[in-house]
Each structure stands twice: as C-alpha cells, then as structure tokens.
Amino acid sequence: MSAPADDSRLRELRVDEIIASYLEALDAGQAPDQNDFIAEHPEAAAELQAFFANRDEFARLAEPLLTAASLPNPEPGGVRTSPGNLEGTSSAATANSSGEHVARRFGDYELLEEIARGGMGVVYKARQLSLNRVVALKTILAGQLASDEDIKRFHAEAEAAAHLDHPGIVPVYEVGQFEGQHYFSMGYVEGCSLAERLREGVLPAREAAVLLKSVCEAVHYAHERGVIHRDLKPANILLARRWQSDAEAAPLPENSHFPLVNRYPRVTDFGLAKRLRSDASLTGTGQILGTPGYMSPEQATGGVTHPVGPASDVYSLGAILYELLTGRLPFPARTPLDALSQLLDSDPPPPRALNRDIPGDLEAICLKCLEKEPEHRYSSVLELADEFQRFLDGKSVQASAVSLLSRIARALRYSRQEQHFRGWGWGLMAFGLVIFLSHVAIYLLEGTTHDSRLVFFATRGAMFAALLFTLWWFRHRSLLPTKPAERLVWVVWSGYLLALGASNGARFAFGHDQRESYAAFAVLAGFGFLIMGSHVWSGGFVVGLAFMVVAPVLAVYTAVAPLVFGTLWAGALFTFGLHYLRRERPDQADGGPVV
Amino acid sequence: MSRQLSGPGQDLEGYRDYLRLLAQLQLAQALQAKIDVSGVVQQTLLEAHQKMPNCAASGSDQLAAWLRQILAHNLADEIRRVKAEKRDVRRERSLNAALQQSSDRVESWLTAQQSSPSLAARRQEQAVRLSAALAKLPPAQQEAVVLRHFHGWPLAQIAHHLGRSHAAVAGLLKRGLQQLRELLADLE
C-alpha cells in the first residue's frame, strides 16, 4: 500500500475516534454543543460537520418511521441539534403522545409540523399567533443568502410576490428574520403537490390541459405584474381541495384514481425560489446538485443567451406538460452536466413517440413551449392558456397549424453554438467586404494585364493578409481557435484555402486560365457552407446550395467569374453577419429584482 | 420467497423493506434470529394482495396503515408460535424474556395503531423511502444505524454486539448515514 493511502486510512481512523468520543459523551448524558465540539477538533471539522448534518437529516427522516412503529425517539439529543437550526430558538418543545407534533416557537409563529425540507430550507406548518391563522412557514438555511445584496433582493422579491392576489397563487404573507434566520410565511394549502400526484402515473390528456390552463392563468396574472416565477415545477404546484360549491369543472374521464375534479392548482414560491441557491451544492460532502429539469435554456446558461423572462416560465410549463403526459422529463439525465448539454443542444423526443395516446395537438403545444429560442415559444402565458382552451374546445390549435413555409423559416432560424460566435456580426461583414473588394481588383487588373504572375500573387497575397488581419482584429488580437466549436470552423476554412492554393498552383504550372477554376472553388465553398449549416446556423444550407447552383454559371461565363464569385462570397458572409448581428443583444444576466 | 406482488393500482412490493424494518423494530434483538421476519413480511404482503379491495380511492397512507395492522397480527401470531415451541425449554431464559417483551410491544403497537390517526401521505412516503434506502446499506452499517437510531443503544453496547471497537462502530454510523443520504438523494 502506498504512503498516501496509509495516511488517509489513518486520518479516517482518527475521525472515527473523534466521532466515537462524541457519541460516548451523548451516551453519558452530556449534550456537547456541536459547534464547540467542531471547534475542539478543527482537524476533522469538515467530516464532523457532514456527520452532524447527516444525523440531523436522518433524525428528521426517521421520525415518520418511528411514529409508524410507535417508538419514542431514542437518541438523546438526536433531533435537530445542528448549529443554525431552530433548536436554539425553541422555547417549548413538547411532543404529544404519538410524537407527531412538536410545537415550538419561532417568533410570532408556533411550529406545528414539518411539511418538507429541501435544498434551501425547511417548510413548516405553523400557527401565526398574533393573527391566529395557520400558515406555511419557510425558513431559509444559513448560507443561502450569502451577501447583503442577496438579502435585499430576496426581500424585494418577496414583497413583489406578496402583492400577488389571485386564487391560483398561494399568497405570501410576511417576509422577515428571526434570530438571524430568514423566513417567509405563506398560505397553508391542504392537499398535495402535483409532484406527488405524478408519482401515481401520467395524467389523462384533458385533465392535464384543464390543470395547466388554470396554472397559466395564475402565472399570467403574475407576469402582468412583472413577477416571473423562474422555478415552475410540479412540486411548486399544489393541488388544493375545491369547495363543493364551485366544483363545476368540465366533466373529466372517470377511470383515474386521483380525480382532479375537486382540486384546483395553486402556484407557490413565486419568484423566490430561484433567488436562493437551491441549485447549488447543499453541503461540502453531500454535493447534491439540482438538475435543470424544468429550467429553460436561457436560465440554465444564467441569462447569457437571452434574458430570463415570461418565456422562461412558458418553457417550464411545457416541461411540466411533457412530464404530465409522458411521465418523464424532456431531458432525463444522470448528471446535471448531461442534462445541461442536452438542454442546450438536443431536441426532446416528441411526446407521442413515448405514448401514442397523446393527442397530436397537445404534443404540438408542448413542443412549442420547449423551443430553445424564447421567441419561438408562445409569446405569453396567456396565449398558452388560450391554446389549452382551444384544445379543450376541440378546435385546432395554433401550434399545429404551422404552414410548411413557416416551418422552413423556423428551421432556418435554428442556430447552434451561438454563445461562441456571438459578436461575430461585424467581423463576418468585414470578411465579406475584403473578399468582395479583392475580387473586384482581381477582375479589373486581370482584365487588363493578361496572365501576369505578379498581379496574381499580389492580389491573392493582399486578400489573404487582409483576411488574417481582420480575423486577428475581431478576435481581439489572436488567431488560433480556442473552443471545439471554433476549431471545426477553422479547420473547414483553412482546408478550403489550402485546396484553393493547391489548385491554383497546379493550374498555374500547367498554364490554364485561372478563371476556369472559379466553378470548382464555388463547389468547394458551397460544401464548406453546408458544413456550417449543420454546425452553426442552418442558413448555411441555403448559402451552400446557392454556391452549388451558381457554380455551372461560373464555368460558362468565365470572364465575369471573379466578380460573381466575390459577390457570392460577400453575400454569404453578409447573410451570416446579419444573422449574428440580429442575435446580438447586450448581455443581460439574470439580475436585478423584477418588480 | 420474494414473489413480486402488486395490487390494482398500488404497488405492494414497494412496502416490503418498510414492513421488514418495522417488524425488526418491534422484535427484541435476541429474538431476531428465531423469527423469520422475511417470511412474516411475505405472508403479510400475500394476505394484503388477496384481501386488497379494488380500492381506487385509498391513499398510500391508508394502505400503509392497513398493511401495518396485518403485519402486527402476523407478528403476534408468530411470537405466539415460537412461545409455544419453547415452552418447556427452561434454559433459554433470556429468550423467554425477549419473547415476552416483544409480544408486549407488538400488542401495544397494535392498540396504538387502532387509536392513532394515520400519518400524512407525505410522511408515509418518507418512511417507505427511508426503509428502502436502509435495506440497500451493507449489513453492518444497516445494523449499526438501526440499533443506534431506532433502538437507541449506547455505542458500547453496539460495539459489544457487533464485536467491533467503538471507533469502528462510529465509522459504520458515519458511512452509513452518509450513504443513506446519497441513496435518498438518488431516490428523490
């Protein structure tokens, strides 16, 4: 065994001994303060912290089991002793006979029952004493709001959410801080979440449409007031019991063992969840990373490609619809990284490929929501709600009424690897200009002086130098590619230039007319653009075809070939340049409260 | 032995680990070797499968409460059977004590269940998931965690029971809890 392995083995033994000494102290009836204990053993601080966190987590998870087995909680100090947790603030910890309700005070609130626990904090069912009402109280784990800026933003968001007053939205009552712990309180909803409902299986199509239409209406209400949800997912859609009196919902198919007829959805966590680092790692050792399952591409890239806006919520609603219909996420992935790369580069399998029973119209709606580019999705949630209504009324939906022409137009807007080529608009146009002017020069000079080697090399050399300079200038004084996406582009066009050089050399040696080569060059360029069509922007297909089509013309009209060829190149590069210029926006990170 | 069972709309198989753990928690340690816990659980699931009404409406909490009751009855029967067999074996005094203790426990568990309301569905699912994750742990870790966190044994007693040092048991607990957390995160 090697020395480092021995070292880590020894170190682990040492950690185990320290943990044993802690447990022995517990057994002896002492309750060592965890923070003090960690401070006494700084060499094992990380391991101890993880161990305590895992114990707390276990104690919480084991509680229902202990209740089911009607056993008392056995370990002294076994429950919630972690630093920064609520233990320090509890004034009265009483348990009833079944041990199910532990009433503790938290400021103006009496904590009745823990409802859920997630990466960002704990949700309790609680009673607000001053108003004597039952609320859901969400505490934010320490470290979730790292800076004062975060805290300010969180409060601003909570206040914005507190102004939302809609039956489909769980109201935010109060946001505050108690003994250093941030929290907010919201309406308590009796019922379960859509995530729990999903565990029982997929929803019938009509039921999914009815449900999501209501969700859309609520989300639209918030959008109108400038609040973006940012984290729509089944767990944030609660299914509240509907009062008998207003159970006049559309009749739904019977054979579901979780009829939603008497339920209506209420959206919770408006604009708040994403302010917190719920997707960052939870502990140093646990490394629980959130998966971007319902997140739009622009959110996953931190708002770099497009600003996060209402369209992001449209995407999330599409992902929810996808899951309601198929029982799986659009991009199920083993790791967050996989999910992210799929989210950015792949299309989800059409829902009907997974389940033939899904109506085509609903599939069309779903896929339109899941478009990578925000502008290809529904322009508002209200529009999506209308689509659902059209589907429910048996009318044809807009998403599937797309004509062939607009399908092609849409396909041509499809742009990949954009983050790498953004900002290339002007550069490409400069390339186009250089090539155009060079070919005009070639045309004029070679038209007057026949077969002068000097003119030939001077014009080509000047063009090549100008191109290199342009590249160097627009790439901020560097020439070589740095990213895989760039590398392919470099290889294709260096290859093109080499081929041109070789061909020119050969022809020059045999004394052919240079102008006869332009047809071959055009075919070669067209081939390059076809590759660009697949690699960066589908406009490349059109440009490539244009080169191919013009090639025979160049072969026939050799006299004007340089002019036509140069114009073609300029046109191609201008097209690409314009494409990127249109895409270019001020980089707008997902920042600043949306109020 | 472990035939896959499922009822209409509900997957009984998912409750196997949960029921086994509950049964283990009811039995005194000395009795665990004498009673075929897996067999009792299997019988419970079989009975449940046969008696299961086509209960479209019953939630997972009600189903689990019902399963627990069948399990408790079966456990009580099994303890009675072992008792009858051992009646004349005087030497196994400690076993008798364990039998008495466990049968008392199961009886009181049964009455507790009949009087207390069922758990909320969410908490119920949590319990089932935790049981499944526990069942996936290596046996030594599993035993250490169950003895410590459910039976509340002191470290010294667990160390003696497992024939390991205190530090080794602490290591089992540390790794067991860590692995549980990861397993549960995967199950999420």
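User: Where in chain A is A:Tyr188 found?

Analyst: This is a predicted model. A:Tyr188 is found in the loop between strand 7 (181-187) and strand 8 (191-193) of chain A.

User: Why is A:Tyr188 called buried?

Analyst: The label needs 20 or more other C-beta atoms within 10 Å. A:Tyr188 has 20 of them, so A:Tyr188 is buried.

User: What does A:Tyr188 touch, leaving out residues up to four places away in sequence?

Analyst: A:Tyr188 touches A:Lys125, A:Val134, A:Val135 and A:Ala136. Take A:Lys125, which is 63 residues away from A:Tyr188 along the chain. The C-alpha atoms of the two are separated by 7.1 Å. The contact criterion uses C-beta atoms instead, with a cut-off of 7 Å.

User: What makes strand 7 of chain A largely enclosed by the rest of the structure?

Analyst: The burial count does. In strand 7 of chain A, 5 of the 7 residues are buried, so the strand is largely enclosed.

User: How do you know that strand 5 and strand 7 of chain A pair?

Analyst: Pairing requires at least two bridges. Strand 5 (residues 133-140) and strand 7 of chain A have 5 bridges, in the antiparallel sense.

User: In what sense do strand 6 and strand 7 of chain A pair, and over how many bridges?

Analyst: Strand 6 (residues 172-178) and strand 7 of chain A pair in the antiparallel sense over 6 bridges. Here A:Ser185 in strand 7 is the bridge partner of A:Glu174. Strand 6 and strand 7 of chain A also form a hairpin with 2 residues between them. In the turn, A:Glu179 has a positive phi of about 45°.

User: What span does helix 8 of chain A reach, and what is expected?

Analyst: Helix 8 (residues 310-326) of chain A has 17 residues. From its first C-alpha to its last, helix 8 reaches 24 Å, close to the 24 Å expected at 1.5 Å a residue.

User: How many residues of helix 8 of chain A are buried, and what follows the helix?

Analyst: In helix 8 of chain A, 17 of its 17 residues are buried, and the helix is described as mostly covered. Just after helix 8 comes A:Gly327, with a positive phi of about 80°.

User: Why are helix 18 and helix 20 of chain A called roughly parallel?

Analyst: Start with the geometry. The axes of helix 18 (residues 518-535) and helix 20 (residues 561-583) of chain A come within 10 Å and cross at roughly 10°. Angles under 35 degrees count as roughly parallel. The two helices are therefore roughly parallel to each other.

User: Which residues of helix 18 and helix 20 of chain A meet?

Analyst: From helix 18 of chain A come A:Tyr518, A:Phe521, A:Ala522 and A:Phe529. They meet A:Ala561, A:Pro562, A:Phe565, A:Leu568 and A:Ala572 in helix 20 of chain A. The residues of this contact divide into 9 nonpolar, no polar and no charged.

User: What are the overall figures for chain A and for chain B?

Analyst: Chain A comes to 20 helices and 10 strands. Of its 595 residues, 38% count as buried. Chain B has 8 helices and 0 strands. Of the 188 residues of chain B, 41% count as buried.

User: Among contacts between residues at least 6 apart in sequence, what share joins residues at least 24 apart?

Analyst: In chain A the share is 68%. In chain B it is 72%.

Key: Residues numbered from 1 in each chain as written. Chains lettered and ligands numbered in written order. Predicted model: local features only at pLDDT ≥ 70, side-chain atom pairs only at ≥ 80, totals over all residues. Helix = DSSP H or I, 4+ residues; strand = E, 2+ residues; numbered from the N terminus. Buried ≥ 20, exposed ≤ 12 C-beta atoms within 10 Å, placed from the backbone. Contact = placed C-beta atoms within 7 Å. Expected span 1.5 Å × (residues − 1). Axes fitted to C-alpha atoms, helices over the stretch in contact; angles between N-to-C directions. Parallel < 35°, antiparallel > 145°, perpendicular 65-115°, else oblique. Nonpolar A, V, L, I, M, F, W, Y, C, P; charged D, E, K, R; others polar.
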